[in-house]
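Okay everyone, thanks for coming.

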Amino acid sequence: MSKILIVDDEVNIRLVVKEYAEFEGYDVDEAENGMQAIDMVKNNDYDLIIMDVMMPKLDGYSACKEIKKIKSIPVIMLSARGEEYDKLFGFEIGIDDYVVKPFSPKELMARIKVVIKRNTGTNDKSSDRFKFEGLEIDMAGREVYVNGERASMTPKEYDLLFFLVKNKNLAMSRDKLLESVWGYDFFGDDRTVDTHIKMLRNSLGEYRKFIVTLRGMGYKFEAE
């Protein structure tokens, strides 16, 4: 049974998420602020944290950064703010998904299943190594080197790059990327893909040229 920590200062939101999560068979703990969440992570093991952004004492982003220093636990962030900047900041500090309030509890449960499966499974492992000019990619070790320097990337940037490289020179629609990399399609958001492509390109520096935009469709990794 997977164990989830729900962190939100709004009691009603905690209760709704807990009710749905327990119905799905998850073991659920609650915290009402970031400080309490950090203390609970120190004393418990969780498979996933659902974290609100705006909370008293310590906001969700700050709590997430502190938790990442203690344990590697996937995080789904909840927020009433849906601007690209807010999502981008969350992904840069290592969250796995971003859900905008008000949200569908059923959709959240679907996202929870995907994130837990992705972080406990081994389906994405590969022994392949690739080199494109000064860009080196080690999928088994989940490492990327740009001109000999190891790139610092978020988990989702690695997943996205590896999928594009495995399908080198093939056109990939945004829907296909959502389905294959994020694990869902019907409740996906095209902007999620675009935001991560932007982050990935920044991480690749001059080798961003390999990720080609296909206007009105999606992207592909184009290389010899």
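So, pLDDT is the predictor's confidence in each residue, running from 0 to 100. This is a predicted model, where local features need pLDDT of at least 70, side-chain atom pairs count only at 80 or more, and totals for chains, interfaces and linings use all residues. Numbering starts from 1 along each chain as its sequence is written, and side-chain values use heavy atoms, without hydrogens or water.

The chain has a mean pLDDT of 87, with 93% of residues at 70 or more. Helices (H or I, at least four residues) and strands (E, at least two) are DSSP runs, numbered from the N terminus.

Five strands make an open, parallel sheet, ordered 2-1-3-4-5; strands pair if DSSP finds at least two bridges between them. At the edges sit strand 2 (27-31) and strand 5 (97-100), each pairing on one side only. Strand 4, residues 75-79, pairs with strand 5 over four bridges, and Met-77 has Tyr-98 of strand 5 as its bridge partner.

Last stop: Asp-159, in helix 6, residues 155-166. Is Asp-159 buried or exposed? It counts as buried, because its relative accessibility is 13%, and the cut-offs are under 20% for buried, over 50% for exposed, partly exposed in between, with a 1.4 Å probe and protein chains only.
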